[in-house]
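Read it with the model open beside you.

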Amino acid sequence: MTDRLDRLAAKRPRTTAGGEGTGDDRPLSARQLTALVVARATSCAGFFAVLPYLGLWLVDSRGLSGADAGLVVGAAILANRAGGVLLVPLIHRLGLKASVGAGYLGAALAFAVLGAGLRLPAYGWLVVAALAGLSLAMATTAMKAQVAAFPPDQRLRGFSYLNMAVNAGSAVGPVIGGALLEWHAGWLPLAAAALDLVALAAVPALPGTWRGSEPPRQATDGADDSAEKGRGRWLPQRPFVAFSLLVCGTWVAYAQVFDVLPAYLGDTISTRDLGLVFTLNAVLVVALQVPVSALSRRVLNGPRAGFGLLCTAANVVLAAAVVLFAFGRTGGLGLLLAAMVLFTLSELVWSPLYDAQVGERRGNLSTTAAYALAGVAWGAAESAGAWLGTLLAVRPAEPGALSLAAAPYWGAAALALLTGLAMSWSGRRTTDRRTPADRTSADRTPDTPPSGHERNTHDVDMPARP
């Protein structure tokens, strides 16, 4: 009976959480990739147009106290980082493509309410901001699950385009928000709503169909197995948990640059020069993400699977960049620019690679649940790194790179190196060491992704049919 079911499953096209078939392995069209980039970039631009200025806007335009405004901003960030976990059942029911659209529509409505000129109590603003964060979390989680359902040879490419779009949006958004805050502050949330509507308009061109997952049917034979698989879709397995926790070291190092660096540098560098440093990151990502990802795919497709090699190299470069940032108080603008170049080269490798690995290591988890849970772990690691780094870094009387203020950077560099070593060991354990000439045609199946890890062969969102 089991053999017959396996043969039927092998012949049947797979479906993802959104009900989209992935069995044809057709290449993605330029229209689909453009839609991914436009939707992700414009939604990120809308979010980052508001987030950096939300506290100031609530105090000046809506009369909130600083403490209340801080709670509202914190609610928006927390909902955006961790809210995907709460919405996994809804995403499963709606399907991936419909969830992306619903998320962008919800965010547009929430931002429109923010900019409608209402006078709400503090908890009212908190609820609206949290709804905006939840809506964007829903769209982001569903979109990552969409990309994870791409053919194996296109998955890393898809995540690379998403990373490029995120950086483009996060670079443009604060510029838009800053200009509107000075020109017409009341339009700030409305601009974010308009950008989310642009993202919503790109959703129909995304890959896949609008239908949601089919509810699992109860099988007469093997009912216990079906029930066990149903429970397994919510329980992360050890390889997924280990991977998600190990790469938290990378996110702690990331936080020291994007969340702590302005506080650490303090008055030692002008705001204009600091903006130049962060703009360099966004420009390099947009310019280099596609060629760097193509090079990464060549390494992954090599005779010896290169996942461990890539992760180790990326984290070594990240550690070097973080150490250079530790000297930023005395090293000048040139040193900071050099450090940002190294940091960006590292990010170009590990950011899309980690996203692709979540889909490949998810085990019995649904794709949507895997990305939601990984988002919580990585968001928590970044938040913890940002909190501890800021706590220690704000020490204007200690300018030296060996001072206590610089300790978070040295600690983060050590964590990045440990993460690279752990990923290298993990890659060696799962690597097929034979050369292509030694591999038979049976070894190279369509379900073997470029990273050298075997693709998940039991999509938990596929109905269990006899």
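## Helix packing and buried positions

Helix 11 and helix 14 cross in a left-handed sense. A crossing is left-handed if the near helix is turned anticlockwise from the far one by less than a right angle, and right-handed if clockwise. The model is predicted: local features need pLDDT of at least 70, side-chain atom pairs count only at pLDDT 80 or more, and totals for chains, interfaces and linings use all residues. Residues are numbered from 1 along each chain as its sequence is written, and side-chain values use heavy atoms, with hydrogens and water left out.

**The chain overall**

The protein chain has 18 helices and zero strands. Helices (H or I, at least four residues) and strands (E, at least two) are DSSP runs, numbered from the N terminus. Of the 466 residues in the protein chain, 52% are buried. Buried means under 20% relative accessible area, exposed over 50%, and partly exposed in between (1.4 Å probe, protein chains only). Among contacts in the protein chain with a separation of 6 or more, 83% join residues 24 or more positions apart. Contact means heavy atoms within 4.5 Å.

Two packed helices are described by the angle between their axes and the distance between the axes. Axes are lines fitted to C-alpha atoms, for helices over the stretch in contact, and angles run from 0 to 180 degrees between N-to-C directions.

| Helix pair | Angle | Axis distance |
|---|---|---|
| Helix 11 (residues 248-258) and helix 14 (residues 307-326) | about 30° | 10 Å |
| Helix 7 (residues 152-183) and helix 13 (residues 271-300) | about 170° | 9 Å |
| Helix 6 (residues 122-148) and helix 17 (residues 367-393) | about 125° | 9 Å |

Angles under 35 degrees count as roughly parallel, over 145 as roughly antiparallel, 65 to 115 as roughly perpendicular and the rest as oblique.

Start with helix 11 and helix 14. Their axes pack at about 30°, so helix 11 is roughly parallel to helix 14. Helix 11 brings T250, A253 and V257 to the contact, and helix 14 brings N315, L318, V322 and F325. By class, the contact of helix 11 with helix 14 has five nonpolar, two polar and no charged residues. Ala, Val, Leu, Ile, Met, Phe, Trp, Tyr, Cys and Pro count as nonpolar, Asp, Glu, Lys and Arg as charged, and the others, Gly among them, as polar.

Next come helix 7 and helix 13. The angle here is about 170°, so helix 7 runs roughly antiparallel to helix 13. From helix 7, the contact residues include D153, L156, R157 and N167; from helix 13, they include N281, V285, Q289 and R297. The contact of helix 7 with helix 13 divides into ten nonpolar, seven polar and three charged residues.

The last pair is helix 6 and helix 17. Their angle is about 125°, so helix 6 is oblique to helix 17. The crossing of helix 6 past helix 17 is right-handed. On helix 6, T141, K144, A145 and A148 make the contact; on helix 17, T367, T368, Y371 and A372 do. The contact of helix 6 with helix 17 comprises four nonpolar, three polar and one charged residues.

**Buried positions in helices**

N281 belongs to helix 13. N281 is buried, at 1% relative accessibility. Not counting residues up to four places away in sequence, N281 touches N167, F258, M340, F343, T344 and E347.

S346 sits in helix 16 (residues 333-360). S346 is also buried, at 1% relative accessibility. Leaving aside neighbours within four places in sequence, S346 contacts A314, V317 and L318.

L36 is part of helix 2 (residues 30-62). L36 is buried, with a relative accessible area of 1%. Beyond four places in sequence, L36 touches M143, V147, F150, L162 and L206. L36 and V203 are 167 residues apart along the chain, yet their C-alpha atoms are separated by 8.0 Å.

**Cysteines**

How many disulfides does the model have? The count is zero, where a disulfide is a pair of cysteine sulfur atoms within 2.5 Å. C248 is buried at 13% relative accessible area, and C311 is buried at 1%.
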